[in-house]
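Subject: Structure handover

Hello,

Please find the structure below. My notes on the disulfides and the sheet follow it.

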Amino acid sequence: MTARRWAALCIVLTLGGCASGPKMVMVNPHSGATVDCELPDSGGSSADYLVSRMCLSACQAHGFRPMPGVQALGNGADVPQPCLN
């Protein structure tokens, strides 16, 4: 394995470890862009639940649709930038 691939693998694993909960990958069928949002957890805090619902709603309003069966590699951001524009 080359040094560049090894570094990329380490970065992906590190960023994946920052995720605080299960995520849902969403795709915009028009642009092909993908984002991920944390799944709402009714057993967690009310603030975390509301932030995850806000992420899902904002992304759906911007044309993103859920992609079942796809593993998220997100950076743990509350709401991805493409969903805030």
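Which residue forms a disulfide with Cys59? Cys83 does, and the two sulfur atoms are 1.9 Å apart. (A disulfide here is a pair of cysteine sulfur atoms within 2.5 Å.) Cys59 lies in helix H2 and Cys83 in the segment after strand E3 (65–66), so this bond ties together parts that are 24 residues apart in sequence. The torsion about the S-S bond of Cys59 and Cys83 is 105°, and the link is right-handed. Both Cys59 and Cys83 are buried. The term buried stands for under 20% relative accessible area, with exposed for over 50% and partly exposed for what lies in between (1.4 Å probe, protein chains only).

Before the rest, a word on the basis. This is a predicted model, in which local features need pLDDT of at least 70 and side-chain atom pairs count only at pLDDT 80 or more, while totals for chains, interfaces and linings use all residues. Residues are numbered from 1 along each chain as its sequence is written, and side-chain values use heavy atoms, with hydrogens and water left out.

A search of the whole structure gives two disulfides. The other links Cys37 to Cys55, with an S to S distance of 1.9 Å. Cys37 belongs to strand E2 (residues 34–38) and Cys55 to helix H2 (residues 46–61), so the pair connects parts 18 residues apart in sequence. (Helices, H or I with at least four residues, and strands, E with at least two, are DSSP runs numbered from the N terminus.) About the S-S bond of Cys37 and Cys55 the torsion is about -70°, so this disulfide is left-handed. Cys37 is buried at 0% relative accessibility, and Cys55 is buried with a relative accessible area of 0%. Counting bonded cysteines along the chain, the pattern is 1-2, 3-4.

Now the sheet. Three strands make up an open, antiparallel sheet in the order E2-E1-E3. Strands are taken to pair if DSSP finds at least two bridges between them. E2 and E3 are the edge strands, each pairing on one side only. Strand E1 (residues 23–27) pairs with E2 in the antiparallel sense over five bridges. Met26 has Val35 in E2 as its bridge partner.

Helix H2 lies across E1, E2 and E3 and runs at about 155° to E2. For that angle, axes are lines fitted to C-alpha atoms, for helices over the stretch in contact (heavy atoms within 4.5 Å), and angles run from 0 to 180 degrees between N-to-C directions.

Regards
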